[in-house]
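Hi,

Here is the structure I promised to pass on. Please open it alongside this email; my notes follow below.

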Amino acid sequence: TQVNVDGAIEMCLRKADTNKDSKLSFSEFRSLMRSLREPRLARHSANLVFALFDLDGNHFISRSEFQELYRFLLGRTPSNNQFEEEWDRLLSFVKRSGEEVKESGEEYADQRSYIHWLQTSEDPKIRQQAPECQPQSAAPKAQVPSEPSEMSFRPRRKKERTDLNT
């Protein structure tokens, strides 16, 4: 499993740097660590997991990125049928939101649709990762360009990818 370490660190720094001085104090770091362990603050951990698996840093997850994310959440490799059902379920939230994104025939899911997917999962291991607030409150609105050709699915800078042995 590969993860987007740079994206996750950037997201953590944005959340943790409460005084916006671009430095992380020990108390800010401690607060971040506490928030990641608190079930009532699942919004932050859900966003962190999304950022970790958004390998290309485009703020959307592709089918292959979701496959790794789903495997991570389950703690095991799902069957092909199970994966397909969940990918289709995730895309149903994307379609309902009206924020469909396709590039070169591949579909992508935004963060709000992912939060909604978490919240409505029948699997308690997945549902426990979901924030209790509305998806709109848990994640920023995806910035979808007016023309698909305007969307760049390449990282702005080289992203460090780290293999996880799960």
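In what sense do strand β3 and β4 pair, and over how many bridges? The model is predicted, and in it β3 (residues 101–103) and β4 run antiparallel, paired over three bridges. Look at Lys 102: its bridge partner in β4 is Glu 107.

β4 (residues 106–110) has another partner. It also pairs with β2, in the antiparallel sense and over three bridges. There, Ile 61 stands opposite Ala 109 of β4.

Next, helix α6, which covers residues 111–119. Asp 110 caps its N-terminal end. A side-chain oxygen of Asp 110 lies 3.3 Å from the backbone nitrogen of Arg 112. Several α6 residues are buried: Gln 111, Ser 113, Tyr 114, Ile 115, Trp 117 and Leu 118.

Two loop residues also deserve a look.

- Lys 20 is not a glycine, yet has a positive phi of about 55°. It lies in the loop between α1 (5–16) and α2 (26–37). Its relative accessibility is 60%, so Lys 20 counts as exposed.
- His 59 is not a glycine either, and has a positive phi of about 70°. This residue is in the loop between α3 (42–53) and β2 (60–62). With a relative accessible area of 46%, His 59 is partly exposed.

Over to you.

Best wishes

Definitions and conventions: Residues numbered from 1 in each chain as written. Predicted model: local features only at pLDDT ≥ 70, side-chain atom pairs only at ≥ 80, totals over all residues. Heavy atoms only, no water. Buried < 20%, exposed > 50% of the residue type's maximum accessible area, 1.4 Å probe, protein only. Helix = DSSP H or I, 4+ residues; strand = E, 2+ residues; numbered from the N terminus. Polar contact = N/O pair within 3.5 Å; in protein donor to acceptor, adjacent residues only side chain to side chain. Pairing = 2+ DSSP bridges.
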